[in-house]
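Student: I'm new to this one. Can you walk me through how to read its inside?

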Amino acid sequence: EPRATMTEGFGRYEEKIYNSETYYKKTGITTLLLMGIDRDTSGQVSTYRGGGQSDFLMLLVIDHDAKTVRQLQIERDTIARIHVLTVLGLDAGYRDLQICLSHGYGGNQTECAENTIEAVSHYLDNLNIDLYMAVDYDAVPTINDMLGGVTVTLKENFTSVDPTMRQGETLTLRGKQAEHYVRSRMTIGDGTNASRQLRQREWLDGAKDLMKQKIQENPNFFGEM
C-alpha cells in the first residue's frame, strides 16, 4: 500500500536538471577511461611533473542491462581544471590547462593516471569513473602485431616517418607503422589533433574486430595480451 512519496535519502536516484528537464542517473553501468600516454620513455616517472601527456582519452560507458558500450573521445586540447604539483611534489593548486597535461603530475604512474581521472571527472560534471587503463604509445606495435596487424587505407602521406606508408595505399600495419599511424601528427596531413583522432578511432575499430576473432579462437587471448 502506498504510504508516502520518497523524495530524499535512501533509494533516491541522483538527478540533473537540464533545459528545465529532469534526468535521473542510470544504474547498472560501468565507466572505463582509456588513456594513451605520450612520453619519451616507458620507464618510471622520474619527477613529479614528468608523467607524460594523456594524448588519447576515451570514456567507455558499459550498460550491462542494454548490453551496449558507448564511446566518448575527449580532445586532448580541451581546457579543464587540472591539479598541478611543483617539481618537489608540493601541492600547487588547480589551473585551467589542456586536459592532456593532467597526466604529467604525480609521483608515480598510478598518481598520474588518477590525476587525469580527476580532471576528466570534473570536466564531465563530476561523473564517477569506475576503472581506467593507461597504455604507453610505444605499446601499440606490440598490441597491433599480437592481433595480426590492423589494415587501414592511408588518407594522408606518412613518408616523413616511414617511406613505405604512401597516401592512398591500403596497408596492413606492422610494428612501428601502427605507432606512427596513431601517434604522428605534426608532419602528417594538416597536422591537427582532430585528424589524428580520426585515425585513432579507425585503428581502434580495426583492432576491435580482430580482437573478437582472436577471442573466438582462444578465450584466454585478452588475458595473454
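**Around Leu 173**

Tutor: Let's start with one residue. Contact means heavy atoms within 4.5 Å. Leaving aside neighbours within four places in sequence, Leu 173 is in contact with Asn 144, Asp 145, Gly 149, Val 150, Val 152, Met 165, Ala 178, Tyr 181 and Trp 203. Bear in mind that this is a predicted model, where local features need pLDDT of at least 70 and side-chain atom pairs count only at pLDDT 80 or more, while totals for chains, interfaces and linings use all residues. Residues are numbered from 1 along each chain as its sequence is written, and side-chain values use heavy atoms, with hydrogens and water left out.

Student: Which residues touch the most other members of the largest nonpolar core?

Tutor: In soluble globular proteins, nonpolar side chains tend to be buried together. A nonpolar core is a set of buried Ala, Val, Leu, Ile, Met, Phe, Trp, Tyr and Cys residues joined through side-chain atoms within 4.5 Å; buried means under 20% relative accessible area, exposed over 50%, partly exposed in between (1.4 Å probe, protein chains only). Here the largest core has 24 residues, and Leu 154, Leu 173, Tyr 181 and Trp 203 touch the most other members.

Student: Is α3 largely enclosed or open?

Tutor: Helices (H or I, at least four residues) and strands (E, at least two) are DSSP runs, numbered from the N terminus. Six of the eight residues of α3 are buried, so the rest of the structure largely encloses this helix. Those buried are Gln 177, Ala 178, Glu 179, His 180, Tyr 181 and Val 182. Their cover includes α2 (140-146), β9 (151-153), β10 (170-172) and α4.

Student: Where does Arg 81 lie?

Tutor: A charge sits over a ring if NZ of Lys or CZ of Arg is within 6 Å of the ring centre and within 35 degrees of the ring normal. Arg 81 lies over the face of Tyr 94, 4.2 Å from the ring centre.
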